[in-house]
Amino acid sequence: MSKMPQICIVGGGMITQVQILPSVYQLQRLGLVGEVSVCALNSAPLNVLAQDQMLKKAFPGHSFKAYPSTDTEPQQNFPDLFREVIEKLPKGSIVIVAVPDQLHYPVIQAALASEQHICCVKPLVLKYSQALEIEKIAYEKGLVVAVEYHKRLDDRALIARQLYREGKFGEFRIGHAEMNEPYYYRHSNFQNWCTVENSDMFTYVGCHYVDQVHFITGLLPRAVSVYGIKDTYPNGKMGYLWTDARVIWENDACLHVTNITGYPDDGPGGNFQGLRIYCRGEDKSGMLVHNDQYRGIEHCYVKKGSEPGDTYYSEPSPDYFKYVELGGEGLTPVGYGYRSIEYILKNICKCIDVSAGVDHKQAVSRRQKLLKQFDNEGIMATPANSSYNELVTEAARLSILNGGRKVEITYGKNAGVDFHKD
Ligand SMILES: NC(=O)c1ccc[n+]([C@@H]2O[C@H](COP(=O)([O-])OP(=O)(O)OC[C@H]3O[C@@H](n4cnc5c(N)ncnc54)[C@H](O)[C@@H]3O)[C@@H](O)[C@H]2O)c1
């Protein structure tokens, strides 16, 4: 095994293409990680990644090993291939989980069984009991499991967290968050899995702002109700594509969250997102507003691109993920999408470094010390410090499938969710 850890990305879809693979290539360029493989359900997305012009331009000479091979028939599925690929990696490698939400759990189980460190896109899993199981096994083996809530690495969230904890805003009382994805999303592969029986728009993207409020304030949610409107995808499947949630927090504060797949394709941003919270001070109120969809840039182009969502007038965000020319070969990815992957992979590398040159028992114990540190710092989401999110998801699913009834969350020994009793 080379000194640099190998990386296997399981899932070759949209998030791998626009954020994960370029971030991993950049870290490979910087000498932090070694060989990269990508495993998908079939060769179709792998061919898209291999032919991606932007990736080729930004990272000339970089490539990934494809599982299944790119010359297999695009219709031929390999649903269990990830198990073999993960098992063949040297122990202590890195598995990045980027498959649809309901498949995170089996991929994580396979990675833990093969002693691999894990970076998982949000949500970690859909059940709290699964998050607890993952936390226990990972700690016993001294393996990192990180949940990639990339908004945590947005400087504005880190600044807000610091100031809130210094008491600058007062105590959160009432607020509103929105994360609205464009209408054309319903034409993507999304329509095959983000359907009523698996997920909904609150579960899919609402968790970002629930996590932001927790990340900033440290508060935990205690009740959730989600009203959802079903709509038809182009393939005829049904999804909750318009949702409205109310999240009540342990101090009785309330966050109202709107999530839709309905931001106009001709709108100026890639989506609409932001947070506004009002807080109570001693003799005045505080306020925190993040206009996350508008970061002060206004462009008007003379030619319009041909991709869905391309517009003449545009308000691009420079903050999530962009490529810039910084000299040297290719292009350099910048933004909190990149920083989030870098932060997690660097934490994993710290665990790999402390394991070098000592026996197995000592290596596990050294890694466990680091794992506790990551949990307590609370910057990197881990099962130990973020599995309240799984309880919110469970509560949200119970609520939306029951017309928006209020569902209470219990923490501690009897943690779980149940309908509110009047
Ligand atoms: N803001 C965020 O943090 C963010 C944004 C987008 C997506 N995501 C998450 O990323 C995950 C993937 O989303 P996406 O939009 O890239 O989805 P996608 O539908 O574009 O891609 C899913 C990929 O998973 C692969 N896959 C499916 N079954 C597989 C199997 N058995 N073995 C190996 N690969 C398999 C498919 O081939 C495909 O490449 C989801 O969990 C989603 O919630 C997070």
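Me: Which residue stands opposite Ile-118 in β6?
Reply: Val-145 stands opposite Ile-118 there. Strands here are DSSP runs of E, at least two residues, and helices are runs of H or I, at least four, numbered from the N terminus.

Me: What should I know about the numbering and the model itself?
Reply: Residues count from 1 along each chain as its sequence is written, and side-chain values use heavy atoms, leaving out hydrogens and water. The model is predicted, so local features need pLDDT of at least 70 and side-chain atom pairs count only at pLDDT 80 or more, while totals for chains, interfaces and linings use all residues.

Me: Back to the strands. How many bridges join β5 to β6?
Reply: β5 (residues 117-121) is joined to β6 by 4 bridges, and the two run parallel. Two strands pair if DSSP finds at least two bridges between them.

Me: And what order do the strands of that sheet come in?
Reply: The order is β3-β2-β1-β4-β5-β6, an open sheet of 6 strands with parallel pairing. β3 (65-67) and β6 (145-148) each have a single partner strand, so one side of each has no neighbour in the sheet.

Me: OK, the ligand now. Which residues are the closest?
Reply: Gly-12, Asp-101, His-104, Asn-189 and His-208 are the closest of 25 residues around the ligand. A residue counts as near if one of its heavy atoms lies within 4 Å.

Me: How much of the ligand does the protein bury?
Reply: The protein buries 92% of the 850 Å² that the ligand exposes when taken alone. Those areas come from the Shrake-Rupley method with a 1.4 Å probe.

Me: Switching topic: where is the peptide bond from Tyr-67 to Pro-68, and is it cis or trans?
Reply: That bond is cis, with omega near -5°, and Pro-68 lies in the loop between β3 and α4. The bond from Lys-122 to Pro-123 is also cis, with omega near -10°. Most peptide bonds are trans.

Me: What about phi of Glu-115, positive or negative?
Reply: Positive, near 65°, in a residue other than glycine. Glu-115 lies in the loop between α5 (104-113) and β5.
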